[in-house]
Every structure is written in C-alpha cells, then in structure tokens.
Amino acid sequence: SPEQLRPMLFLALAFVLFLMWQQWQEDYGPKPVAPAAETAAPASQQAPAQATDTPADAPAAPAQGAPATAAETAEVPSASPVANAAPDTPTTSAPVEEPNSLIQVTTDVIRASIDTRGGTLRGMELLKYPLSTQDKEQSFKLLNDQLPDLFMAQTGLVVDSQDAEKKRQLSHHAVMRAEQNSFTLAEGQDELEVVLKWSDGAGITVRKIYVFTRDKYVFDVRYEVENATSAAWSASMYGQFLRTQVVQDGGIGFIYTYTGGILNSEDQPYEKIEFSDMADRNLQRDIKGGWVAMIQHYFGGAWIPSTDEVNHYYSIKLKDARYVLGVRAPFKTVAPGTTGTLSMRAYIGPKIQGRMLEAAPGLERTVDYGWLWLIAHPLFLGLSLIQSIIGNWGWSIIVLTLLIKLAFFHLSAASYKSMARMRKLQPRMVQLRERYGDDRQKMNQAMMELYKTEKINPLGGCLPILVQIPVFISLYWMLLESVELRHAPFMFWLTDLASHDPYFVLPILMGASMIVQQKLNPTPPDPMQAKVMMALPFVFTFFFLWFPSGLVLYWVVNNILSIAQQWVITRRIEQGGD
C-alpha cells in the first residue's frame with residue numbers, strides 16, 4: 001500500500017532535495033564578478049578631524065600566474081568618515097612593482113614568505129598537510145601571491161595626519177628592512193621573532209614584529225613605535241585579507257563547500273560575508289571585540305583584534321574580482337619621548353576546532369557544519385574521542401555508527417516490527433486487491449479495517465527514518481568539513497576518507513545492502529510502486545559514487561546492522577512471536 005512506501009519515499013525525497021540544493025549552490029551560487037572600473041574605500045569609526053582619505057592603490061591585475069605585487073594589492077583603510085568618495089586610481093600605464101625582498105620564515109608547522117614592503121604575508125605553506133595523497137612531498141599552500149588564486153594577509157598602520165604621504169608611509173606599502181632574510185625556529189626554541197624596521201628620519205622609529213610559536217598556527221603581529229619627537233604621534237593598526245574569488249569545490253567532485261568571509265560579533269557570532277555581498281556594497285561595521293575571517297574548505301585565516309575595544313570591520317571591492325576584508329583598531333597615541341605598542345593576533349592554518357577555540361571564542365564555528373551544528377558538533381566530539389582510543393578514523397566511524405544504531409535501537413525495532421507485521425499480512429492484502437479491483441476507495445477502507453483488527457500502524461516505519469535524517473545530514477557535513485579526516489586512511493585502497501572511493505566498492509556495497517533490505521520489507525502490491533522501490537538502490541548508488549568514502553562507510557555499516565536487526569525481528573514475527 002502507499003503507507004508502506006512512505007518511509008523510504010520520505011527519505012529519498014529529503015535526500016534528493018538536499019542534493020539538488022547542493023548542486024544549485026554549485027551552479028547558481030556566487031560566481032566571480034566582472035572587473036569594476038573603480039574601487040571604494042570603507043568608512044571608519046570617528047577619527048581626529050584633521051585625518052584625510054588615503055588614495056587607492058589598485059591598478060589592474062597582472063597576467064594569470066604572475067605574482068600580484070604590493071602596488072596591486074589593496075587600499076589602506078581610511079581614517080576618515082567621508083571615505084565613501086571614489087578614490088583616485090593610478091593609470092594602467094603605472095609600472096608594476098615586484099616584491100621589495102622576501103623573508104623566509106620556517107617553524108615546525110609553517111613555511112612563510114614575508115615581503116619587506118609592508119611586512120605582508122605573501123605565502124604560507126602548511127608543512128603537516130600534503131598537497132594531495134598522490135603528492136605528499138609538496139605541502140599545501142594556503143597563502144599565495146600567484147593569480148588566479150590570490151590570498152595574502154596584510155597589516156599596516158593608518159597614521160593620523162593631514163599629509164597624504166605620511167598617511168601612507170606605514171601602510172602595507174611601506175618599505176621596511178630586516179637584519180636577515182631567513183628565520184628558522186631552532187630545536188628547543190619555542191618562539192621565533194621576525195623583526196622589520198622603519199624610520200622616517202625625523203624621530204619616529206617603528207619595529208614590526210611577527211611572533212611565531214612552536215606547534216601553533218596562531219601568531220601575533222606587533223608594532224613598537226618609538227617617538228623621539230616633541231609632538232604626540234597617533235596611528236591605528238589594521239589587519240586584512242586580500243583574495244580573489246575562485247571557484248572552490250573542495251576536491252569532492254560536485255560537492256559544494258563555502259569559500260568567503262566570516263564576521264563575528266556578539267549579536268551574530270557567525271555571519272557569512274560572501275563575495276557577492278562585498279561586490280554589492282562595502283562592509284562598514286563597528287563592533288566591540290569580534291574577529292574577521294576568510295575561509296575555504298578545510299583551511300582559513302582570521303584577524304583577531306582586542307576584545308575590549310570597538311573595532312571597525314570593513315570590506316573593499318577591487319578590480320578583477322579581488323576583495324579585501326579586514327578590521328581596524330582604534331587610534332592610539334604615543335606621547336613624545338615614549339614607546340607605544342599596537343598589536344593584533346592572527347590565526348592562519350587548518351580549521352582545527354580545538355586550536356581555533358583557543359585563538360578566539362567562536363572561531364571554531366568556521367568549521368561550517370551548516371544549520372545542524374548542534375547535532376554535528378557533538379558527533380565530531382564523539383568521533384574524535386573514539387579515534388583518540390582506536391587511532392584509525394575508519395574504525396572510529398564504524399564504532400560511532402554502532403553507537404548511533406544502539407541509540408536508535410528501540411525506535412528502529414518498532415519500525416521493523418511494523419514492517420514485519422505488514423509483510424506477514426501481504427497475502428491477505430493481495431486478496432483484498434483482487435477482490436475490489438479498481439475500486440480504490442473500498443480497497444483502502446478494507447485495508448484500514450485490516451490494520452485496525454491486527455493492531456498495525458501503517459505509518460510505524462516512518463518516524464525512525466525521519467528522525468535519523470538530521471543525523472545523517474549532520475554526519476555528511478561533519479565528515480565533509482572536518483580537516484582531521486583529510487587524507488585520513490582506513491585500510492586497503494581507502495587512503496582518504498574525505499574523498500570518494502576510487503574504485504567505487506563502498507557505493508556498490510551500499511546499493512547491494514539496500515536491495516537486501518528491500519527483500520525484507522513488504523512488497524508493494526502496486527507494480528508501479530514496486531518498480532520505484534527497486535530503482536531507489538540504483539539512484540542512491542549513483543549519487544553516493546562521489547560522496548566522501550567515510551560517509552559511505554557509515555551508510556554501509558548502518559545498513560548491515562539494520563539488516564541484521566530487521567532479519568531477526570521479521571523471522572520472530574513470522575514464526576508467531578512479537
């Protein structure tokens with residue numbers, strides 16, 4: 001009867017709609033936009049009245065594959081509340097500047113390139129994360145100064161001055177110097193300081209210091225300003241990301257993962273700032289504390305200012321689908337004859353929840369589990385605990401599946417009992433169909449009487465499956481988004497649980513297990529419904545071909561456990577038990 005089909009049809013419909021939404025995001029989600037003719041600078045929090053706008057610095061991007069230079073990067077955030085006026089743009093004939101000089105920095109977890117022009121982080125390799133399972137010698141490069149996938153971290157100071165040149169002199173365009181061009185974290189050394197220096201020759205000396213720590217992806221950027229003049233000196237520190245909009249699929253075929261900006265505030269702990277949002281209008285937001293991030297599949301970066309101050313968050317749309325997203329701290333004044341410090345923290349690396357939580361509250365939410373975070377996060381914590389004991393993510397998924405099955409054991413048992421009783425009534429239901437022929441109304445009335453007499457709830461099989469759908473979708477996001485499962489091996493040919501089975505063995509086993517489950521269910525009396533049910537395993541197998549193998553592993557193990565439970569219950573009821 002139609003009631004018998006509802007559990008599987010509900011699941012199939014929900015799952016197919018979910019896949020269609022994912023594909024819609026891939027096909028019609030945010031795409032790189034056409035280059036704009038002009039850029040616009042963000043407005044800022046209130047600054048001294050004498051501050052004026054800084055001119056833009058955004059000529060056309062170089063040819064694809066060429067490095068993006070400091071002159072092409074991004075505008076310095078304005079210190080003026082009238083910064084919405086269109087800034088001046090250099091002519092396209094302006095010479096292209098190469099990096100002033102690159103400083104190589106190596107710790108136990110990262111290898112970075114810092115430009116002495118402004119101290120910009122132009123590149124960063126994550127040494128513990130190979131590029132792919134096929135190329136384990138090459139490390140994954142998160143920050144990159146090569147087009148089309150441009151992604152750099154910039155910091156600078158906005159100087160409180162009416163002089164436009166002075167305003168620019170300590171931005172991320174300022175030419176600084178370092179005492180050496182290579183820094184390495186030595187054995188037994190816990191911290192590594194990279195120092196760049198700048199002086200205006202008139203009494204202002206600045207030391208820009210990067211502080212990297214062993215086994216950490218969080219680091220500090222600090223400006224130490226020595227004021228040897230007779231006048232007070234004021235500046236505001238900013239940290240920003242510059243990146244191009246690129247099509248990201250996370251390496252999982254057609255699976256969609258979010259790439260873009262994130263803004264944290266007390267009112268909205270996790271607010272997506274998509275490239276399309278930045279293209280439509282510049283972000284202008286004053287927030288106490290907070291942080292701003294630019295994320296992609298598995299990895300991301302965040303600027304984390306002081307939690308005790310009101311910081312200004314902004315975005316700027318540049319030419320050639322390049323975007324700036326950043327934060328500027330309030331102005332600080334260095335009195336004559338004193339030294340002042342301006343600092344900001346950054347996290348740039350893999351989206352490891354524990355480490356991100358240590359860096360800033362709420363930063364772990366950049367592991368984007370979607371709207372089912374409250375289910376997916378505990379599942380991840382449970383899976384991580386199991387893995388810490390077993391030491392293998394694949395076996396941990398199997399154990400987690402068993403625990404989930406135990407949690408739903410009684411609910412599933414009720415469902416299987418209902419289906420077993422309906423299976424037992426199958427011959428009588430066929431007789432009713434033959435008796436009433438095409439008179440569906442009488443046939444349905446007779447079936448309802450039969451259900452009532454035998455005390456069977458025809459919808460008894462729906463609830464357990466509907467309850468498990470959110471768990472399944474949560475597992476989908478958890479296994480897709482958790483960087484811990486990236487390149488995590490299981491056994492034999494399964495060397496990466498975050499990517500699809502290269503030989504499609506698991507999806508085929510999953511389809512076969514669905515067919516076995518159907519054999520244990522009551523056969524639909526309607527031939528068309530029977531054909532639909534028989535087609536479902538093949539439809540699901542096709543979709544699962546490109547799903548993360550860890551997720552398919554969960555589904556296969558869950559099906560096998562379900563078959564065992566359903567077989568025992570069906571056999572008991574067919575033998576006259578309950």
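To start with the term: rings of Phe, Tyr and Trp (its six-membered ring) pair if their centres lie within 6.5 Å, with planes under 30 degrees apart counted as stacked, over 60 as edge-to-face and the rest as tilted. This is a predicted model, where local features need pLDDT of at least 70, side-chain atom pairs count only at pLDDT 80 or more, and totals for chains, interfaces and linings use all residues. Residues are numbered from 1 along each chain as its sequence is written, and side-chain values use heavy atoms, leaving out hydrogens and water.

Across the whole structure there are 20 aromatic pairs. In one of them, Phe492 and Trp493 have ring centres 6.3 Å apart and planes at 15°, so the pair is stacked. Phe544 and Phe547 also form a stacked pair, at 5.0 Å centre to centre and 25° between the planes.

Accessibility next: buried means under 20% relative accessible area, exposed over 50%, partly exposed in between (1.4 Å probe, protein chains only). Phe492 is exposed at 68%, and Trp493 is partly exposed at 29%. Phe544 is buried at 0%, and Phe547 is buried at 0%. Ring pairs join Phe544 and Phe547 with Tyr476, Trp477, Phe540 and Trp555 in a cluster.

Now charges over rings, meaning NZ of Lys or CZ of Arg within 6 Å of the ring centre and within 35 degrees of the ring normal. Arg243 lies over the face of Phe151, 4.5 Å from the ring centre. Lys317 has its charged end over the ring of Tyr323, 5.5 Å from the centre.
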